[in-house]
Amino acid sequence: MDVQLSKEIEQFRQVVREFVNEVVEPAAAVIEEEDRIPEELMQQAKQLGLFGLSIPEDYGGLGLNMTEKCAILEELGKTHNGFTSLIGAHTGIGSVGIIELGNEEQRRRFLPAMAAGDKIGAFALSEPEAGSNAANLRTVAVRKGDRFILNGMKHFITNGPEADVVTVMAVTDPSKGIRGITSFLVEADFAGFRKGPADRKMGLRGSHTCQLFFEDCEVPVENRLGEEGEGYVNALKILTNGRASLGARCLGSCEKLLALSTEHALQRVQFGKPIIENQAVAHMLADMTVEVETLKSLLYRVTAMVDRGEKTIKESAIVKLYASEVYNRIADRAVQIFGGMGYMREMPVERFYRDARITRIYEGTSEIQRNIIAAQLKREYGGT
């Protein structure tokens, strides 16, 4: 489907495209070598408003709807995925819970600083015994007067080392199963809250994850997010919202890889002709194009559904599944088209290839997305 954006959003999209090409991409080598986002790049991202894409204007953000937000994330997906992941996690699962589930006092307290990029958000659900099985949480929260006392740990938390406010899921009533989970807003300076060292990962340099430890961590009652016992439902809402955003980032990366591969195939000469003249290469490019266009149509169909307020549990899972699988296939073909040079770190396709792999795992594995899709089908067709 054709994406209809306002003139203002199209202009903003062009500004972001220029920012990506002129500022972020030239800094990609620094991000890779030093595993950090340069401060000047962060400052320019703040000035553009990239940390407040979906935060309402009343709280200092840009107030973009899902289609508009994904159009911007699509542009950001065309550059270093570590930088894009930091922005995407903050504007997605790191802040959407406060936007949609927080009370007015919580929104006023957290969102303006988050929109400005002065406070970074993160989302903490995963634990060693609760990865795909999110209902198997071990982190507990016990009410004591006007506070909850949290004990436990989380791992693989994107933006964890930098996070100023973390949406944390903890068990408040073990007897109720998933209905005994509650979500909390834990601030970095809370007593009993500690961050582990940054993880050493295959890819996503510049985007950091770590373990988070809660040792008699005191959380004021006013930092409970939503009602007690609704944390599991809250987590599902937050993750469902984030899946279209991740699909947009994957789409941008796929479009960039297709462009790089096509340009290379036109310029690289073997056996006296550009390699695009070889049917094997031409067919890879054709297949990449088909998948990019299919993903784009699927993504923006789902964002339109979100903006209309429709239920998208199944559709968001489809987008996340398809986008991540397509990204990995296209990254693999891009390396193949570049040949030996595609395996070299001087070429961005090598970076995209490494960064693509995590998309089939985080924010719900491909297998979990298939489970969600199948479960929704059972409901639709009257299964039990």
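Predicted model: local features only at pLDDT ≥ 70, side-chain atom pairs only at ≥ 80, totals over all residues.

Q: What makes the contact between Arg 108 and Glu 104 a salt bridge?
A: Their side chains meet with N to O at 2.7 Å. A salt bridge needs a side-chain nitrogen of Lys or Arg within 4 Å of a carboxyl oxygen of Asp or Glu, so this pair qualifies.

Q: Why are Arg 108 and Glu 104 separated by about one helical turn?
A: Because they are four residues apart in helix 7 (residues 104-115).

Q: Why is Arg 108 called partly exposed, and what about Glu 104?
A: Arg 108 has 48% relative accessibility and Glu 104 has a relative accessible area of 37%. Buried means under 20% and exposed means over 50%, so both residues fall in between and count as partly exposed.

Q: Where in the chain do the partners Lys 154 and Glu 127 sit?
A: Lys 154 is in strand 3, while Glu 127 is in the loop between strand 1 (121-124) and strand 2. The pair links distant parts of the chain, 27 residues apart. Both Lys 154 and Glu 127 are buried.

Q: What makes Glu 325 and Arg 360 a pair that ties together separate parts of the sequence?
A: Glu 325 forms a salt bridge with Arg 360, with the closest N and O atoms 3.5 Å apart. Glu 325 lies in helix 10 and Arg 360 in the loop between helix 11 and helix 12, so the bridge joins parts that are 35 residues apart in sequence. Glu 325, at 14% relative accessibility, counts as buried, whereas Arg 360, at 26%, counts as partly exposed.

Q: How many salt bridges does a search of the whole structure find?
A: The search finds 27 salt bridges.

Q: How do you know that strand 2 and strand 3 pair?
A: Five bridges join strand 2 (residues 140-144) to strand 3 (residues 147-158). Pairing takes at least two bridges, so these strands pair, and they run antiparallel. Val 142 stands opposite Ile 149 in strand 3. The two strands form a hairpin with two residues between them, and Gly 145 in the turn has a positive phi of about 65°.

Q: What makes strand 3 and strand 7 a pair?
A: Nine bridges connect strand 3 with strand 7 (residues 209-220) in the antiparallel sense. The bridge partner of Met 153 in strand 7 is Phe 213.

Q: Why is Phe 156 called exposed, but Glu 363 buried?
A: Phe 156 has a relative accessible area of 58%, and exposed means over 50%. Glu 363 has 16%, and buried means under 20%. Phe 156 lies in strand 3 and has a positive phi near 60°. Glu 363 lies in the loop between helix 11 and helix 12 (366-380), with a positive phi of about 55° although it is not a glycine.

Key:
Residues numbered from 1 in each chain as written. Heavy atoms only, no water. Buried < 20%, exposed > 50% of the residue type's maximum accessible area, 1.4 Å probe, protein only.
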